[in-house]
Structures are given as structure tokens and as C-alpha cells.
Amino acid sequence: MSAFEWQDQDLVLHLYVQPKASRDSFAGLHGDELKLAITAPPVDGKANEHIRKYLAKQCRIAKSQVLIEKGELGRHKKVRLCGPLTPPPDWDWLTG
């Protein structure tokens, strides 16, 4: 498994989520997954909603284009970003 993969215009991310972090950011790799630190707590779906909002804003897409395909209730998530999308410049791991 790869931490991310392109499927046509969609980008599929395999994430390990760290809730209640001091700031939102990607924090490198965690095994075969990308580690995503988010400020939201893992309560009542707040973390999932925060992930959707954060990734949508980063890629300049609508929240409805960010789909959590697996892992709604856990830290290990498979997230699809439905394209076309514009990854931020600091996402250099996408190209290298």
C-alpha cells in the first residue's frame, strides 16, 4: 500500500490522524500512511468534518468532493479527493 495514489483525477490518501494537535498539518509518514495532525477532538464526528474542511481548503475544492471511504470511527482513514484539484505547494511529497 502507498500513502497516496492517483486514480484518474482523484487523489486517494491513506491517513493516520492525530486529533487534538496544536495545529493542522501533515507530519510526514506513519508506516505506510501519511500522518495528519488536526486540532479538532475525536468527538461526535468533529474530527472527520474538520478533515473534510481542511483538505478541501488546501486543495481548493468543495467539502462535498472530500470523501472518507474507510475509517470513519478510527485513526486510520482512506480519503478520496475528487478532482480536478490543485494541491498546495507545500505538498511536495505528491511529486517527489
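Colleague: Great. How do strand 5 and strand 6 pair, and over how many bridges?
Modeller: Strand 5 and strand 6 pair in the antiparallel sense, over four bridges. Two strands count as paired if DSSP finds at least two bridges between them. Helices (H or I, at least four residues) and strands (E, at least two) are DSSP runs, numbered from the N terminus. Before we go on: this is a predicted model, so local features need pLDDT of at least 70 and side-chain atom pairs count only at pLDDT 80 or more, while totals for chains, interfaces and linings use all residues. Residues are numbered from 1 along each chain as its sequence is written, and side-chain values use heavy atoms, with hydrogens and water left out.

Colleague: Okay. Which residue is the bridge partner of Val66 in strand 6?
Modeller: Val66 has Leu81 as its bridge partner there. The hairpin of these two strands has five residues between them, and Gly71 takes a positive phi near 90° in it.

Colleague: What else does strand 6 pair with?
Modeller: Strand 2, again in the antiparallel sense, over six bridges. Leu11 stands opposite Leu81, and Tyr16 stands opposite His76.

Colleague: Which other strands join strand 2?
Modeller: Strand 1 (residues 4-7) pairs with strand 2 in the antiparallel sense over four bridges, with Glu5 opposite Val12. Those two strands form a hairpin with two residues between them, and Asp8 in the turn has a positive phi of about 60°. Strand 4 (residues 33-37) runs parallel to strand 2, joined by four bridges, and Gln18 faces Ala37 in that pairing.

Colleague: Is strand 2 mostly covered or uncovered?
Modeller: Mostly covered: eight of its nine residues, 10-18, are buried. Buried means under 20% relative accessible area, exposed means over 50%, and partly exposed is in between (1.4 Å probe, protein chains only).

Colleague: Asp10 sits in strand 2. Why does Asp10 count as buried?
Modeller: Because its relative accessible area is 19%. The Asp10 side chain reaches the backbone nitrogen of Gly83 at 3.1 Å. Leaving aside neighbours within four places in sequence, Asp10 is in contact (heavy atoms within 4.5 Å) with Glu5, Arg80, Leu81, Cys82 and Gly83.

Colleague: Now the inside. How many residues has the largest nonpolar core?
Modeller: It has 25 residues, and those with the most contacts inside it are Leu11, Leu13, Leu15, Phe26, Leu55, Leu81 and Trp91. Such a core is a set of buried Ala, Val, Leu, Ile, Met, Phe, Trp, Tyr and Cys residues joined through side-chain atoms within 4.5 Å. Helix 1 gives the most to this core, with six residues.

Colleague: What does Leu81 touch?
Modeller: Not counting residues up to four places away in sequence, its contacts include Leu11, Leu13, Leu55, Val66 and Trp91.

Colleague: Last one: is Pro89 buried or exposed?
Modeller: Pro89 counts as exposed, at 78% relative accessibility. Pro89 lies in the segment after strand 6.

Conventions. A polar contact is a pair of N or O atoms within 3.5 Å; within protein, one must be able to donate a hydrogen and the other to accept it, and residues adjacent in sequence count only if both atoms are side-chain atoms.
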